[in-house]
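Trainee: I'd like to walk through this structure with you, one question at a time. Could you keep the answers plain?

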Amino acid sequence: QVQLVESGGGLVQAGGSLRLSCAASGSNLNIFYMGWYRQAPGNERELVAGITSGGTTNYADSVKGRLTISRDNAKNTVYLQMNSLKPEDTAVYYCQMVIRTGFVRLDTYWGQGTQVTVSS
């Protein structure tokens, strides 16, 4: 069973930076897609950024130019570098990985979530 372990959340002042990490347990994983989502109180979970196995990235409009997603395939790890943070970035951040587990099968896994709080 694959497990995703997140780290790097915390409290930061507006304008500050944080770096989130998410590592998948297991070896020889064929990770098709990696992404970061967030959920603020009273809101639905939303996509923040994603990256394909080929390195193509996509971002929510609200974070473009401030947040950067990257991946280390050798370590089965995805990162989210967050700069110029704003109070509206406050949320629980979840990583997601879509892993090919069979010839035509893809399974989705989620991290446990890490709190990011940006004070004004």
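Trainee: Let's begin with Asp107: which strand is Asp107 found in?

Mentor: Keep in mind that this is a predicted model, so local features need pLDDT of at least 70, side-chain atom pairs count only at pLDDT 80 or more, and totals for chains, interfaces and linings use all residues. Residues are numbered from 1 along each chain as its sequence is written, and side-chain values use heavy atoms, with hydrogens and water left out. Strands here are DSSP E runs of at least two residues, and helices are H or I runs of at least four, numbered from the N terminus. By that rule, residues 106–110 form the strand that holds Asp107, namely strand 10.

Trainee: Is Asp107 buried or exposed?

Mentor: The cut-offs are under 20% relative accessible area for buried, over 50% for exposed, and partly exposed in between, with a 1.4 Å probe and protein chains only. Asp107 has 18% relative accessibility, so Asp107 counts as buried.

Trainee: Which residues does Asp107 touch, not counting residues up to four places away in sequence?

Mentor: A contact means heavy atoms within 4.5 Å. Asp107 and Phe32 are 75 residues apart in sequence, with their C-alpha atoms 9.6 Å apart in space. As for touching, with those sequence neighbours set aside, the list for Asp107 is Met97, Val98, Ile99 and Thr101.

Trainee: Over to Ile31: with which residues is Ile31 in contact, leaving aside neighbours within four places in sequence?

Mentor: Ile31 is found in strand 4, and its 6% relative accessibility makes it count as buried. From Ile31 to Leu106, 75 residues along the chain, the C-alpha separation is 9.2 Å. Beyond the neighbours within four places, the contacts of Ile31 are Ser53, Arg71, Asn76, Met97, Val98 and Ile99.

Trainee: Asn76 is on that list, so where is Asn76 placed?

Mentor: Asn76 has a phi near 50 degrees, a positive value in a residue other than glycine. At 10% relative accessibility Asn76 counts as buried. Its place is the loop between strand 7 and strand 8.

Trainee: And what is the relative accessible area of Asn28?

Mentor: Asn28 also has a positive phi, near 55 degrees, and is not a glycine. Asn28 is found in the loop between strand 3 and strand 4. Asn28 is exposed, because its relative accessible area is 79%.

Trainee: Which residues does Gly8 touch, not counting residues up to four places away in sequence?

Mentor: Gly8 lies in the loop between strand 1 (4–7) and strand 2 (10–13), and with 31% relative accessibility it counts as partly exposed. Tyr79 is 71 residues from Gly8 in sequence and 9.6 Å from it in space, C-alpha to C-alpha. Apart from those sequence neighbours, Gly8 touches Leu18, Arg19 and Leu20.

Trainee: What about Glu46: which residues does Glu46 touch, with the four-place limit kept?

Mentor: Glu46 is found in strand 5 and is partly exposed, with a relative accessible area of 35%. Its C-alpha is 16 Å from that of Tyr109, 63 residues away in sequence. Outside the four-place limit, Glu46 touches Trp36, Tyr37 and Arg38.

Trainee: Stepping back, how many strands does the chain have?

Mentor: Buried residues make up 42% of the 120 residues in the chain. Among contacts with a separation of 6 or more, 53% come from residues 24 or more positions apart. There are 0 helices, and the number of strands is 11.

Trainee: Last one: what radius of gyration does the chain have?

Mentor: The radius is taken over C-alpha atoms, and the globule rule is 2.2 Å times the number of residues to the power 0.38. The C-alpha trace spans about 50 × 25 × 25 Å along its principal axes. For 120 residues a compact globule would come near 14 Å, which agrees with the chain's value of 14 Å.
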